[in-house]
There are 2 protein chains.
Amino acid sequence: MDRGARSRDAILDTGGELMSRHGYAATSISMISAASGLPTSSIYWHFRSKDGIYVAVLERARIALLEALPPSEVPGTDVAERLDTFLREVEDAFQRHPRGVKLLLGLGMVQQDASAAAAAEVYQYRDALLAWTRDSVSSVFELRNRPEVADELARFTLRMASGTAVARWFEPDTVLDTGQLRVALLALADHHGVPVRGVPGEDAPPGHITTGE
Amino acid sequence: MDRGARSRDAILDTGGELMSRHGYAATSISMISAASGLPTSSIYWHFRSKDGIYVAVLERARIALLEALPPSEVPGTDVAERLDTFLREVEDAFQRHPRGVKLLLGLGMVQQDASAAAAAEVYQYRDALLAWTRDSVSSVFELRNRPEVADELARFTLRMASGTAVARWFEPDTVLDTGQLRVALLALADHHGVPVRGVPGEDAPPGHITTGE
DNA sequence: GTCTATATTCTGATAGAC
DNA sequence: GTCTATCAGAATATAGAC
């Protein structure tokens, strides 16, 4: 790898770290310059603007996460097995990509100020996450014929994940509670009449449990 | 109300609005000055620093929210009735105080940069919300003897709420789905062996439903 | 308490030699 | 591609008259 590419990577590493810690607005070019050892002019040569750095950082984070995500066709013979696999995948992705999530949430919050390119990146990131989650949930609960239920369960899952990311700002040891998520997803599936046989305690016959509403 | 107090309020109004929209770092004193019509020196006279504005804004938002929250002793004769009341209260608070929530999340995210005073305010805000939610949930499900379950259900509720706040950054029309929350809370309570009789469909006798784990 | 004017530092961004 | 040097403007914050 030539020096140019190495510098480019160093800028993205440092910039991503700083932006995820302090937010976009509070991260200055001079901070990135000081932390990476490269002069500001080099930074501007690689990326045309501060916004350009953010877009590149976010794009790299998105690609890294999506490449790390397993296929959304979840393996397993019954709902219980597939659900456990899915929950492990979600937990794993959540633990391994905290900076990406924080970058996404950080700019998501103030996207009205962001450039068109940055906003587009943010949406592409989020849409990809939603699509993966939806496909996975659909596979877990066999919802090919009920896309609206898959969508609801996916949004619920992402909401729990981002809510947990928020909780982590206040209590850094917080982890995604997959036990809670498991109970909640099963109850929601059941609530929509989705059969969840094979799950311990949920193998009730036709007159199944509904939780009101 | 004298002119000084009116100016002070105007600064808090404008500053709160701008900070919740753009975040703390991206909100400048000159923006607040321009939007409120008051010179920067007046702003500095009322609050000693930019940080002082943020602390005052957040303190006011916290007090307003806490005053608006109903008593955490939820009225109702059975779980179903109390739960519905509680969910309505949460939804209402969530709808009516979006700026407070955004301020809280906004600084929560970068609190390591924040002053001690600002960080203290952020934690006090969050702790008060958590305490109210915990007390309410405890009242709804009669969990006086099982505080750890009340804590878990409260954190779950707040995670759903903040996850929904995040979702709203991307899709502004998003509302807190109390239907989902109802199903999930009942399932979690049931999962912990908490009796949830009185709820349609959940009036199963002792050998009640467990969703595995 | 509010105003005008200003000090000082830092910002994003560029010029141009190498 | 990287460096030194620098620009124009905006940032936080203050001085001091009224």
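How many Å apart do the C-alpha centres of domain 1 and domain 2 of chain A lie?

## Model and domains

The C-alpha centres of domain 1 of chain A and domain 2 of chain A lie 31 Å apart. This is a predicted model, in which local features need pLDDT of at least 70 and side-chain atom pairs count only at pLDDT 80 or more, while totals for chains, interfaces and linings use all residues. Residues are numbered from 1 along each chain as its sequence is written, chains are lettered from A, and side-chain values use heavy atoms, with hydrogens and water left out.

Domain 1 of chain A covers 1-46 and domain 2 covers 50-213, with bounds from an automatic or database domain assignment.

## Contact and buried area

In chain A, 17 residues of domain 1 are in contact with 10 residues of domain 2, contact being heavy atoms within 4.5 Å. The area buried between these two domains of chain A is about 1,200 Å², of which 68% comes from carbon and sulfur atoms; buried area here is the accessible area (1.4 Å probe) that two parts lose on being put together, summed over both. On the side of domain 1 of chain A, the most area is lost to domain 2 by A:L12, A:S20 and A:Y24, which together give 46% of what that side buries.

## Salt bridges

Between domain 1 and domain 2 of chain A the count is 2 salt bridges, each a side-chain nitrogen of Lys or Arg within 4 Å of a carboxyl oxygen of Asp or Glu. The side chains of A:R60 and A:D13 meet in a salt bridge, at 2.8 Å from N to O.
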